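This report goes through selected local features of one structure. The sequence and coordinates come first.

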Amino acid sequence: MISADVILWLLERAKKIADQAEVAAVDKEKRGVSVRMGDIKDMSSSRSVKLSLRILRGNREASMDTSDVSRESLELLLDKTAEMLEYSEEDEANGLADAAECVGEVRELELYDPLIAALSFNDHMKVAKKMEKAAFGYDPRIKNTRDSASASSLYTVFYASTHGILRSYRITAVSRAIETVAESEQGMQVASWYCYGNNIAQAIPPEEIGRTAAHRAIRQLGGIKAPTQEVPVVFDSETASIFLRILVDAVRGGNIYRNRSFLTGRLGEEIASRLLTVRDKPLVARMPGSRPFDAEGVLSRNIDVISEGRLTSYLLDSYSARRLGLKTTGHAGGYSNLYIEYGNSSLQEIIASVHGGLYVTDLLGFGVNLLTGEFSKGARGIWIEKGELAYPVEEITIAGDLRDMLRNIEMVGDDLEFRSSIASPTIKISRMTVAGK
Amino acid sequence: MERSEAKNFFLQKTGLSGRRLEKVVERALGNKVEYADLYFEHTVQEAVSREEGRIKKVIGNISHGAGVRAVAGEKTGYAYTDEVNLKTLDTAASAAKYIAKYGPEHGSFLPVKVGGEARNIYGLPRSPVDVALAEKARLLQLVDEECRAYDPRIREVIATFAVEEKRVLVVRRDGWMVGDVRPLIRLSVQCVAQEGNRREIGSYGGGGRLDISYFFEDNHYKSFAREAARSAIVNLSAIDAPAGLMAVVLGPGWPGILLHEAIGHGLEGDFNRQRLSAFTDKIGRRVAADICTVVDDGTIPNRRGSLNVDDEGTPTQRNILIERGILVRYMQDLLNAKLMGMEPTGNGRRESYKFAPMPRMTNTFMLPGDLSPKDIIRSVKNGIYAKQFGGGQVDITNGNFVFSATESYLIEDGKITQPIRGVTLIGHGPTALTKVVMVGNDLELDSGVGTCGKDGQSVPVGVGLPTIKISEMTVGGTRI
């Protein structure tokens with residue numbers, strides 16, 4: 001569908017209308033099966049391309065994406081992008097990534113697993129059925145499933161620019177996910193579990209995924225509203241990852257140079273508890289978010305975002321770096337393998353440390369303002385009484401200020417696991433407002 | 001006209017005849033496959049952003065592809081390709097048909113009703129993608145100036161104008177084809193106000209299946225700009241929000257997101273057929289106070305959530321979901337309607353050719369009552385008044401839903417007083433509307449900003465609401 005020849009041809013044509021240009025493309029093949037109640041629900045198969053062209057004339061820039069890479073369509077793409085360029089305005093920070101950032105050794109990260117490439121519909125069906133069967137076998141109150149799905153993808157990633165670069169690499173990905181429903185006279189509760197990765201040997205076994213989802217659904221049955229109060233809140237590894245996603249948005253270059261984040265201007269300062277270290281590591285072999293270079297062709301590097309409470313790096317692409325007078329960190333296109341470093345408390349120790357408080361297992365809604373630091377989200381979880389998980393709670397909210405939440409991280413768990421490219425161990429925040437009845 | 005325009009476009013672009021396409025559908029059919037269809041799509045999008053007083057970004061996207069679906073019983077096979085020719089379509093059809101291997105022994109698909117006469121509820125003089133970039137840039141400049149003129153504390157303005165034209169064509173097994181050409185535009189305005197060290201954001205936006213001239217008529221663009229600026233200025237004096245159960249008054253228009261989250265998703269056919277929704281088996285039962293009638297209407301001219309036909313070719317319609325508090329109808333696509341023995345309701349939608357369709361909302365709103373908004377606010381001793389919202393989300397199985405207010409106020413002794421900081425409200429879908437105790441006479445549809453996400457698919461939607469009072473709801477602030 002797409003080849004290096006097509007990309008080079010497009011780049012040559014782009015040179016005629018622009019000083020500088022880059023072409024990024026991803027060719028994707030995917031197949032998957034989902035199962036429900038022991039029988040197939042959906043099967044899907046696809047081949048698709050996304051190609052992005054960015055052109056520059058002086059400090060002016062325009063860009064376009066397309067899924068149609070026929071010659072005729074690419075000619076049209078060039079015409080349209082050229083027309084758009086006429087209406088763009090000068091911006092000194094525009095430009096391709098500096099050539100120096102793109103030169104060097106392209107690391108081999110072993111992101112292609114031939115065993116994933118060989119997975120058939122039948123293999124996927126077996127995995128999806130196993131996950132569901134394990135969920136049903138976990139407890140008789142698991143009576144329904146929304147979806148038990150297994151899928152595999154093959155990607156070829158291309159990048160080329162007028163710096164004279166043309167690179168590509170291949171990745172495989174496998175995903176397993178189940179959403180299962182527990183039902184009793186106390187109502188219904190749904191819960192999910194999943195894993196995503198590029199090496200099948202590292203994928204979580206289907207039975208374990210099914211049982212974990214079932215466990216998470218069962219323990220929410222009979223949830224009640226907690227009284228409104230200020231208490232310690234323990235985020236499980238799933239909800240702590242959601243918290244991390246908010247945090248990473250707050251250090252994203254676009255929000256920093258626009259002064260749209262409560263962390264603007266705080267580089268080098270202590271912004272969080274000393275227990276908090278956040279890293280982004282694109283250069284680890286066989287990890288779900290690994291990449292040898294970013295969306296601008298900048299060679300990847302591992303970074304610490306927060307080191308023992310100190311803000312040590314923003315996540316920058318070339319544009320935001322220039323705006324801030326800094327160097328790109330190779331984060332055009334976002335984070336790679338982002339995680340909170342594990343601490344030394346076990347989950348049990350963390351729960352045992354709470355006299356009365358919330359163990360939050362699900363968060364609902366948006367409710368975050370990065371500029372002001374407001375955090376207010378719907379939640380579901382288990383109430384902790386005298387150091388033990390006591391009873392399920394739902395239809396409650398938790399709220400606080402992101403600055404306080406970062407400072408008030410009191411314990412960090414030892415239970416870090418990469419189920420996707422973002423991960424966190426359990427974390428405990430000493431005080432937040434829970435609103436319920 | 002619109003329909004045949006889309007048909008001719010795809011026949012010409014693929015170089016295939018209607019008969020050829022029919023054959024592709026036939027290939028997906030066969031043993032155990034009861035239904036098959038082909039979906040072609042060609043979408044052109046363009047967005048211009050103004051920031052820091054200049055045009056900052058000009059970006060575009062062309063998306064082109066086709067999907068083949070084969071249905072056997074409850075099972076769906078789906079394959080798509082963005083290289084559209086006879087060979088890739090045949091391959092996709094064979095892949096989709098693979099599902100038949102696992103199909104039931106018998107089955108018959110609901111005979112599809114080919115709905116009424118061709119209509120065009122968009123009726124635009126030109127395609128939004130044909131509007132000159134200069135005109136779009138001019139709109140953004142005027143918006144920028146209007147925001148800054150509103151108050152000297154407005155320090156930053158980001159304004160984006162996005163346009164889209166989506167051509168679709170559905171080909172069914174009997175060779176029946178229906179197409180649609182769908183325009184969509186949206187203006188988004190975001191202001192940052194600053195006073196001392198305090199910075200606050202205010203946002204507003206809107207549009208629909210409209211021409212850019214809409215924003216110049218009656219100075220619409222000015223009211224959009226002023227709303228964003230006003231909201232940012234109001235937030236400069238917001239205090240911490242209260243926490244706990246209290247009376248909540250929702251203003252008219254966009255706060256209708258309450259309906260979308262509290263009951264809308266829970267009334268989608270797929271969730272109910274699979275017994276996953278908190279509303280399963282509740283047709284004929286009371287799910288709201290008798291002053292509540294809720295409608296999903298895909299036929300309102302020029303609205304963001306409206307369509308001539310849904311993404312399975314079924315004409316959209318006005319569906320009453322809740323009538324005087326009683327649940328009367330789920331929203332359906334072809335598959336779920338058939339399996340539940342109900343009628344399709346024109347709600348079969350998909351984000352693009354990369355997805356099979358499923359039941360989705362169009363424009364969801366509550367019919368007005370007869371109270372004045374003032375009287376509603378006056379009746380509250382202690383509570384909050386919520387005027388603008390960010391997003392919302394629902395757990396359709398336990399019924400918990402949230403929506404996050406970005407502009408809200410305390411109500412004290414029947415009067416709106418202090419603005420409060422951003423806060424999430426949480427409720428329980430099947431009971432939330434039973435707590436609606438007053439409904440205003442001021443129904444408004446939202447300004448045309450909504451995008452709904454479900455299973456990774458985003459589609460444009462609308463909502464609407466008159467002012468309503470909910471006797472109690474949990475407000476997720478920090479102040480106890």
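## Salt bridges

The model is predicted. Over all chains, the count comes to 73 salt bridges. One of them pairs Glu22(A) with Arg54(A), and their closest N and O atoms are 2.8 Å apart. This pair links distant parts of the chain, since Glu22(A) belongs to strand S1 (residues 20–36) and Arg54(A) to strand S2 (residues 39–57) of chain A, 32 residues apart. Glu22(A) counts as buried because its relative accessibility is 7%. Arg54(A) is also buried, at 11%.

Another salt bridge runs between Asp68(A) and Lys13(B), with 3.7 Å between the closest N and O atoms. Asp68(A) sits in the loop between strand S3 (60–66) and helix H2 (71–87) of chain A, while Lys13(B) is in helix H1 (residues 2–14) of chain B, so the pair joins two chains. Asp68(A) is buried at 7% relative accessibility, whereas Lys13(B) is partly exposed at 31%.

## A helix pair and a network

Arg407(A) and Asp404(A) form a salt bridge whose closest N and O atoms are 3.1 Å apart. Both residues lie in helix H11 (residues 402–407) of chain A, 3 residues apart, about one turn of the helix. Arg407(A) is partly exposed, with a relative accessible area of 48%, and Asp404(A) is partly exposed at 35%. Elsewhere, salt bridges that share partners join Asp91(A), Arg258(A), Arg323(A), Glu51(B), Glu52(B), Arg54(B) and Lys56(B) into one network.

Asp294(A) is located in the loop between strand S8 (278–280) and strand S9 (303–307) of chain A.

A polar atom of the Asp294(A) side chain lies 3.0 Å from the backbone nitrogen of Ala332(A). Beyond neighbours within four places in sequence, the contacts of Asp294(A) are Ser300(A), Gly330(A), His331(A) and Ala332(A).

## Positive phi angles

Most residues other than glycine have a negative phi. Glu110(A) has a positive phi, near 55°. Its place is the loop between helix H3 (99–102) and helix H4 (114–117) of chain A, and Glu110(A) is partly exposed at 39% relative accessibility.

Asn302(B) also has a positive phi, near 70°. Asn302(B) is in the loop between strand S8 (294–297) and strand S9 (318–323) of chain B and is partly exposed, at 25%.

## Cavity

A search of the whole structure finds 1 cavity of 30 Å³ or more. The largest cavity has a volume of about 40 Å³. Its lining residues include Glu261(B), Ser277(B), Phe279(B), Asp395(B) and Gly429(B).

## Other sites

Asn235(B) is in helix H6 (residues 220–235) of chain B and is buried, with a relative accessible area of 6%. Leaving aside neighbours within four places in sequence, Asn235(B) contacts Arg198(B), Glu200(B), Ile201(B), Thr406(B) and Glu407(B). Asp375(B), in helix H10 (residues 373–378) of chain B, is partly exposed at 35%. A polar contact of 3.0 Å joins the side chains of Asp375(B) and Arg378(B).

Pro140(A) occupies the loop between helix H5 (121–138) and strand S4 (142–161) of chain A. At 72% relative accessibility, Pro140(A) is exposed.

Methods
Residues are numbered from 1 along each chain as its sequence is written. Chains are lettered from A and ligands numbered from 1 in the order in which they are written. This is a predicted model: local features need pLDDT of at least 70, side-chain atom pairs count only at pLDDT 80 or more; totals for chains, interfaces and linings use all residues. Side-chain values use heavy atoms; hydrogens and water are left out. Helices (H or I, at least four residues) and strands (E, at least two) are DSSP runs, numbered from the N terminus. A polar contact is a pair of N or O atoms within 3.5 Å; within protein, one must be able to donate a hydrogen and the other to accept it, and residues adjacent in sequence count only if both atoms are side-chain atoms. Contact means heavy atoms within 4.5 Å. On a 1 Å grid over the protein atoms alone, a cavity is a set of points where a 1.4 Å probe fits but cannot get out, and a pocket is an open set with protein on both sides within 12 Å along at least five of seven lines; lining residues have an atom within 4 Å of a point. Grid points are joined across faces, edges and corners, and a volume is the space filled by probe spheres set on the points. Buried means under 20% relative accessible area, exposed over 50%, partly exposed in between (1.4 Å probe, protein chains only). A salt bridge is a side-chain nitrogen of Lys or Arg within 4 Å of a carboxyl oxygen of Asp or Glu.
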